[in-house]
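These are my notebook entries on a two-chain model, taken in the order in which I looked things up. I began with the contact between the chains.

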Amino acid sequence: MYKIIKIFLIMFWFQGYTVAEDQRAIELFKEVRCLVCQGQTIHESNAELAEDLKQLIREKISQGETDHQIKEYLVERYGDWILMTPPFKSLTYILWSLPFLIMIIGAIAIYRQKRGQA
Amino acid sequence: MSLYIFYISNFLLLLCLTASLMQSSKIINNKIFARPGVIVLAYVQLISILLSFLILIYLFLISDFNIDLVYFNSHSEKPLIYKFSGVWGNHEGSMLLWILILVLFNFLFALSRRISERFKEITVAVQSIMIFGFVAFLFFLSNPFAINQNNFFEGIGLNPILQDPLLAIHPPVLYVGYVGFSLVFSLAIAGLITKEVDQQWASIVKPWVFSAWAFLTAGIALGSFWAYYELGWGGYWFWDPVENASLMPWIAATALIHCVLILQKRNVMQSWTIILAILTFSLSLVGTFLVRSGILNSVHTFASDPGRGLFILLFIFLILVFSFSLFAYNSEKINETSSMDLISRGTGIQVNNWLLITILTIVLLGTMYPLATDLLLNKSLTVGPKYYSTTIAPIIILFLFFMFISPRLGWTDTKLYKIIIQLRYLIITSLTITLIISLYFELFDLTEILIIFFSLLLTISSMTSSLNFNKQNILVRTNLGQNLAHAGFGILMMAVVSNAVYSEERIYNAKVGDNLQLQKYIFSFDKIEQVEESNYNSLKAYFLMKKDGKLIDTFTPEIRFYSNPPTITSEASILHKFFSDIYLVMNVPQDQQSISVRMHIKPFMTILWLGAFMIIIGGIISASIRVGRSDEK
């Protein structure tokens, strides 16, 4: 029983768990788009420019910057385009929220239709 | 010689145009065009297009470079099979193939029996309007038989990435899917015109919509399989705009087949079914043609001529305007009944219909959003795979739950707790397996655990309900198609999630003699060779895979250098095992000393393809069963 509780706790705290710097770097590489390749991340690419970016990110990690700071730096330098996943900001409000609006509208519509018949 | 062919084939196209025009005129009940009859005209349409398609194949096989299309897309030294598949490896040829399938569906429907003469006439007329539009487009804007007087000795060649046996069959299979929905669309329009959208209508539509859906599924799966081993990126789905373009009609069609089923059994949701039929075909058109317009950049983009893109956009626009105004005008007169109890199978299907529409919205948004911000605001965005996985995953959990529970509910009000008690062993079993899996593999992400749990529940539930014995121990006839497809979907989802979690990769710079490690395997770089083939040269690396010192397999990743046209491709070397694939791919060498090699362990790939295969077979079984079983309890 104690073990199960422990696992549940780990499950919810997993986000805060610190990973080794290497692993952090790889996770970041997968989030950064290669500027010269077609739709690949810098993790998948071995183009010269991608290697430079990887080096830059490794340095920033060892200087103690957070993932968030590194991403902000990259966006400032290259634009939103460089991140594989668009951040939630005014430009992407519709992109992130419309699916959930659609889902809620549907749920309400189906429920009201059923209640109307009863 | 070429000149004769030019005249004959263009005459054939004009013949088809005339027949289609006469066929279309039957949409108005008139006496002038009462003869020749529907079947005679359907024969003319089919034979004229079939002959011109055969002529085009012949021209490619004999490499007649006086034909522009052959000159630009073929090469005399290409292997025979690729001369053949090169016919549809380009814009004009693939258009002709598209039209051939359009005409074939028209013909098969014209021959079908037990359908009222008037309804058949209208359906064939609507289908023929589309045939007319596309043949006119082919004839005037992208004529495959255009000739030149240059007497070239050699052609330019086919894009080598398309020179692959799978890609010879991927386009025709996908097209049968896309075009199959044209007939469903025509049936929907005919239903609107005759105001007969009822159970009878659903029974007529069912085999067509199921077979189109099965083909589309197969087409997408083939494309995905091709991308997996040919592109060498180690993945099977990239959320690339072109893949999304084929996924969108698939999602709409999945919703549609379920609506056709409820309509057939319960005579409800008439309007929604019609809307979905129109939507599915419109998305199929977008799928095939927007991809070609040059807006999206990929191997699928054959020709980017603004005139052609404009024609297609105009055509899609006209179809939408026409069908929705007809719908708005006539939908009042369609007998709409929608009585369904809150906790019933119908509601479950309705909810999942809506979840599918939500997923469709996500795919549409993700594909179009970067284009829109770029065009309207001049701001570039990247919408990568993570957008899709984070937004779709929670929906999939709900979707799997309703997929599991709905077939267990009756058509009328059912007590939910009774069902759950009835299924207690099933739920406990799935829960136990999920717990074991998550503890053993240290899986602690709640979303992933839930997807695995509900997929398991769905798979086991579907499998056990197809093995339904009655009291005399005789296997009761069950809905095999549905159960197979649903179990396949559960298996597919489990494989997708576990694959995403447990994939591993390593990138090495390797010299001959190096030993590289990936999990418990050692790869010895044995040698590198140059190989000359008829249409390319290649650089082949040999890796010996060993486990505990014993040789298990030899991997030979390759880089191919094609000269006609000059292209470099990378061929992955894959070992398929039941529980995981091992995947080696080599990149173009950076220097003379070493090569860069990427190694992947991809768990559950075989199971993933198995899931997709079960879905396809399920679709084919459902298409071939004529009358749905009434499973009232």
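**Entry 1. The interface**

I counted the residues of the interchain contact: 29 come from chain B and 25 from chain A. Two residues are in contact here if their C-beta atoms, placed from the backbone, lie within 7 Å. The model is a predicted one, in which local features need pLDDT of at least 70 and side-chain atom pairs count only at pLDDT 80 or more, whereas totals for chains, interfaces and linings use all residues. Residues are numbered from 1 along each chain as its sequence is written, and chains are lettered from A and ligands numbered from 1 in the order in which they are written.

Helices (H or I, at least four residues) and strands (E, at least two) are DSSP runs, numbered from the N terminus.

**Entry 2. A proline of chain A**

Which residues does A:Pro99 touch, not counting those up to four places away in sequence? I listed B:Thr358, B:Thr361, B:Ile362, B:Leu365 and B:Thr391. A:Pro99 has its place in helix α5 (residues 93-117) of chain A. I recorded A:Pro99 as buried because 23 other C-beta atoms lie within 10 Å. The cut-offs are 20 or more such atoms for buried, 12 or fewer for exposed, and partly exposed in between, with C-beta atoms placed from the backbone. From A:Pro99 to A:Asp67 I computed 27 Å, C-alpha to C-alpha, for a separation of 32 residues in sequence.

**Entry 3. The pair α12(B) and α13(B)**

I returned to the two helices of chain B named above. Their axes, α12(B) and α13(B), come within 9 Å and cross at roughly 165°. Axes are lines fitted to C-alpha atoms, for helices over the stretch in contact, and angles run from 0 to 180 degrees between N-to-C directions. The two helices, α12(B) and α13(B), are therefore roughly antiparallel to each other. By the convention used, angles under 35 degrees are roughly parallel, over 145 roughly antiparallel, 65 to 115 roughly perpendicular and the rest oblique.

I noted the crossing of α12(B) and α13(B) as left-handed; that is, the near helix is turned anticlockwise from the far one by less than a right angle, with clockwise giving right-handed. Among the residues making the contact are B:Thr358 and B:Ile362 of α12(B) and B:Thr391 of α13(B). By class, the contact of α12(B) with α13(B) holds 13 nonpolar, 5 polar and no charged residues.

**Entry 4. Chain A**

Chain A has 5 helices and 0 strands. Of its 118 residues, 16% are buried. Among contacts in chain A with a separation of 6 or more, 41% join residues 24 or more positions apart.

I examined helix α2 (residues 21-29) against helix α3 (residues 48-62) of chain A and found an angle of about 135°, with the axes 10 Å apart. That makes α2(A) oblique to α3(A). The crossing of α2(A) and α3(A) is right-handed. On the α2(A) side I listed A:Glu21, A:Arg24, A:Ala25, A:Leu28 and A:Phe29, which meet A:Lys54, A:Ile57, A:Arg58, A:Ile61 and A:Ser62 in α3(A). This contact has 5 nonpolar, 1 polar and 4 charged residues.

**Entry 5. Nonpolar cores**

A nonpolar core is a set of buried Ala, Val, Leu, Ile, Met, Phe, Trp, Tyr and Cys residues joined through C-beta atoms within 7 Å. The largest has 151 residues, and those that touch the most other members include B:Ile99 and B:Ile251. Helix α9 (residues 241-266) of chain B supplies the largest share of this core, 16 residues. A second, separate core has 17 residues, including B:Phe523 and B:Phe555.

**Entry 6. Positive phi**

I logged B:Lys195, with phi near 60°, in the loop between α7 (165-194) and α8 (199-230) of chain B. B:Lys195 counts as partly exposed, with 13 C-beta neighbours inside 10 Å. B:Phe604 has phi near 65°, and B:Phe604 counts as buried, with 25 C-beta neighbours inside 10 Å.

Key:
Ala, Val, Leu, Ile, Met, Phe, Trp, Tyr, Cys and Pro count as nonpolar, Asp, Glu, Lys and Arg as charged, and the others, Gly among them, as polar.
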